[in-house]
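Trainee: I have a structure to read, and I am new to this. Please show me how to go about it.

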Amino acid sequence: MKLLIIGGVAAGTKAAARARREYPDATVTIVTQDDYVAYAGCGLPYFVGGEITEARELIVRTPDEFKHENRIDVLTRHQATVIDATAHTVTVRDLNNGTDIVFPYDKLIIATGALPLIPNIPGANLKRISTVRGLNDALKIRAMLDTGKIKNAVVVGGGFIGLEMAENLSRRGVQVAVIELKDAILPGFDPEIAALVAKQLREHNVAVYTGEALTEIIGNAASEATEAITTGRRLPADMVIFAAGIKPNTAVAIAAGIDADPRGMILVDEYLHTNLPDIFAVGDCASVRNRQTDADVFSPLGSTANKTGRLVVANLFEDTEKFSGVLGTTIVRLFDYHAGRTGLSTQEAKDAGYDVETVLVPTPDRAHYFPGNRMIITKLIADRATHKLLGAQVAGTGVVDKPIDTLSVGIAMGMTIEQLSGMDLAYTPPFASALNSSIVAANVMLNKLAGKVRGVSPFDLKLNDPTLQLLDVRTEPEFIISAIPGAINIPIEELHPRIGELDPTRPTVVVCKVGRRAYAGALELSRAGFTDVAILDGGMTAWPYETE
Ligand SMILES: Cc1cc2nc3c(=O)[nH]c(=O)nc-3n(C[C@H](O)[C@H](O)[C@H](O)COP(=O)(O)OP(=O)(O)OC[C@H]3O[C@@H](n4cnc5c(N)ncnc54)[C@H](O)[C@@H]3O)c2cc1C
């Protein structure tokens, strides 16, 4: 078998390595237009920041190692330009000398990844501007930082790549501003979780401007970027990083007659076949099935690229392994703050037609008395009708990958909140609380589903509603330190005798630090005849907006 693979980063090299193991007699060739193969794209921000010191640490395997250890031919700086599906050939241009080589194939795997989007604005082609996609970009950015001339940087795009770059530029002593077109950073996360992350970034001296578009970059006489202009402000910018999204890199495939959706992602079935015989597509260039909605989605992640790259090899001759799809599980570390998501967001769940209930529950990530415990905030999204867990997001300075992975498995298995509440999870004080954070969140959700309490998320709390009665039941010292504007303070132990100070006819939202005292307060108010009572989900701990 002649196996030809176009693209040699995550998906392509994974496929090549497994193909060599499974088909010892095959000729396996990777062509890639890049200078490098098999590098860890996900590690690029940390190389820029210096946490990863040498570029070679990011390179998993060199072309020489592929050749000598795996008998895989890797041609770098070779660009596939034409796929002839009938003749079973690919024309490849040698970028070193401009000559074309025609490669015959029996099986072809397309793993051409994605391309960064470049805003079409004046100044976009100045110097000291970079995308962050490949190792060359990271080397270029690091070299710019090493000149010592970069004092201010603007990162365009508040997705996880833009934010990781912001963190790492900041670690290098650069004053960073992030501009995000949408109203919230971190697409895919619920707005109050994204707002918590933005708050943390600001506390680490990274400016975050949402709802603003970059309109122009101004340069100096040497054509170097010096200033970025947005719809809201002018920002000093010795460097501009474009992290404003990516699109599938599929022009060559589409020109060959391979089916793609309007956004350009190659449509594949669950065995990763394209519509043309003997041609497969994997990684960022290909669609994946969302496990919950069954839709073909663009989910460009290293985890998916590695899985599909490995899996496709099983299906080269017959369909033996199905790709089970994605839940959009992602995680990000920004300074000492962590945020992860899996499954549907609240909005995605509503768009999919679910009657949604949510909870936002702060807990320590291990026993509250154990040294080193840190707060995490768990958001669960469930279907009121079936009690199925639909989505989860966890953020905080504590450990979030463990709950996110647990909850992701729960969603994949179609778990209900009752089943989540009954999970037998590992416990000892250094690792967890006796009631694990996910179980506590499930129990709060069960209370809500049973109608025992109604919650309002920080995002949905309408502070400008003149009828709103916001009751803070924390102690007076807690209230003085920081409170939501407009809140009335009656500590929980004084609520019973002082209940007459409140108007039972007004909609009342009760808040405390994490939710427990607010729950008790809400029950007290309901017993006293207040008709419209809710608690603020997550309390002050999960309140991401202004306080006074
Ligand atoms: C900065 C950064 C951080 C990231 N962090 C994470 C993370 O933390 N977690 C996570 O899950 N994912 C992360 N990702 C995403 C992850 O890196 C990608 O999903 C993954 O690299 C996709 O692999 P791929 O092989 O499909 O495509 P790519 O990595 O894009 O590789 C495709 C290769 O094909 C080459 N190519 C394209 N067209 C041709 C052609 N015509 N001829 C020859 N060669 C061609 C390209 O030049 C490229 O070298 C991150 C990405 C970036 C950029």
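**Reading a ligand shell**

Mentor: By class, the shell around the ligand holds 16 nonpolar, 13 polar and 3 charged residues. Here Ala, Val, Leu, Ile, Met, Phe, Trp, Tyr, Cys and Pro are nonpolar, Asp, Glu, Lys and Arg are charged, and the others, Gly among them, are polar. This is a predicted model: local features need pLDDT of at least 70, side-chain atom pairs count only at pLDDT 80 or more, and totals for chains, interfaces and linings use all residues. Residues are numbered from 1 along each chain as its sequence is written, and side-chain values use heavy atoms, leaving out hydrogens and water.

Trainee: Which residues are the closest to the ligand?

Mentor: A residue is near a molecule if one of its heavy atoms lies within 4 Å of it. In this model, 32 residues surround the ligand, and the closest are Ala-11, Asp-34, Arg-133, Asp-284 and Gly-302.

Trainee: Which polar side-chain atom lies 2.8 Å from an oxygen atom of the ligand?

Mentor: A polar contact is a pair of N or O atoms within 3.5 Å. That side-chain atom belongs to Asp-284. A backbone N or O atom of Ala-11 lies 2.9 Å from a ligand oxygen atom.

Trainee: Why does the ligand lie between domain 1 and domain 2?

Mentor: Domain bounds come from an automatic or database domain assignment. Domain 1 (2-114 + 247-315) and domain 2 (129-244) both give residues to the shell, so the ligand lies between them.

Trainee: Is Val-313 buried or exposed?

Mentor: Buried means under 20% relative accessible area, exposed over 50%, partly exposed in between (1.4 Å probe, protein chains only). Val-313 is buried, at 0%.

Note on methods: A polar contact is a pair of N or O atoms within 3.5 Å; within protein, one must be able to donate a hydrogen and the other to accept it, and residues adjacent in sequence count only if both atoms are side-chain atoms.
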